[in-house]
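I opened my notebook to look up a few things in this structure. Here is what I noted, entry by entry.

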Amino acid sequence: MPRFFRDLGFMVLASIRNQHLEGAPPGYDWYAIQMALKRYLRGRGARHDIVEDVSQETLARLVELAGTQQIGSVFSLAFRISDNLLIDVHRRDSRLVGEPDEEVHSDQPSLNRILDSRRAMEVFSRCLKKMPPLRREVLLRRRLNQESCRAIGDDLELSAKAVEKHITRGMIDLRKALEQAGIDLAGRD
């Protein structure tokens, strides 16, 4: 920085320092108090704009108090006031922050998933009622009871190949019924 500007800066600071605050009681170095406040607030991690606002508000309150009361330790009181003002600023800022952007995740199925599952059960029930009785029985014994094709075939006097055909046709009927109802259970949450 050129010497001229540095000297000019010192002159401006000196004029501010020597300037009396309007209505401020004498006997206090308000400039030193304000500088100490700014250092204190910066040390507390306050943003630059907050440092300026809080230090000015603290100084205004101190001037008002000094005019009516005897202050034992002006720096202690200044730091206490600035701490309280800093807390107020943080409270105000936290209220202004909107709702969190994070979505709440749950292990429970979504409402859409539950409704689709209920609709799918209704479609399955209707489709099973429309199926030929032998196909329905083979499909239910294989899919719900987990019986083997051989055991089903032995009970119903059918070959294993015929049991597999009934299962395949039954599954095709169920899939068509779901497609006609517009339900796609694959790939949902």
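I began with the face of helix 5 turned away from its buried side, and there I found the exposed residues Leu111, Arg118, Met121 and Lys129. For me, exposed means over 50% relative accessible area, buried under 20%, and partly exposed in between (1.4 Å probe, protein chains only). Helices here are DSSP runs (H or I, at least four residues), numbered from the N terminus.

A note on the source: this is a predicted model, where local features need pLDDT of at least 70, side-chain atom pairs count only at pLDDT 80 or more, and totals for chains, interfaces and linings use all residues. Residues are numbered from 1 along each chain as its sequence is written, and side-chain values use heavy atoms, with hydrogens and water left out.

Next I listed the buried residues of helix 5: Asp116, Ala120, Val123, Cys127 and Leu128. Seen down the helix axis, they fall within an arc of 130° (taken from the directions from the axis to the C-beta atoms), so they line one face of helix 5. I then saw that these buried residues pack against helix 6 (133-143) and helix 8 (160-181), where contact means heavy atoms within 4.5 Å.

How do helix 6 and helix 8 pack? I noted an angle of about 95°, with their axes 9 Å apart. The axes are lines fitted to C-alpha atoms over the stretch in contact, and angles run from 0 to 180 degrees between N-to-C directions. That makes helix 6 roughly perpendicular to helix 8, a term for angles of 65 to 115 degrees.

Then I turned to the cores. A nonpolar core is a set of buried Ala, Val, Leu, Ile, Met, Phe, Trp, Tyr and Cys residues joined through side-chain atoms within 4.5 Å. In the largest one, of 19 residues, Trp30, Ile33, Val54 and Leu62 touch the most other members. Its largest share, seven residues, comes from helix 3. A second, separate core of 15 residues includes Leu128, Cys149, Ile152 and Ala177.

My last entry is about loops. Most residues other than glycine have a negative phi. Gln146 has a positive phi near 60°; this residue sits in the loop between helix 6 and helix 7 (149-156) and is exposed, at 60% relative accessible area. Glu157 has a positive phi near 55°, lies in the loop between helix 7 and helix 8, and counts as exposed at 75%.

Technical notes. Helices (H or I, at least four residues) and strands (E, at least two) are DSSP runs, numbered from the N terminus. Angles under 35 degrees count as roughly parallel, over 145 as roughly antiparallel, 65 to 115 as roughly perpendicular and the rest as oblique.
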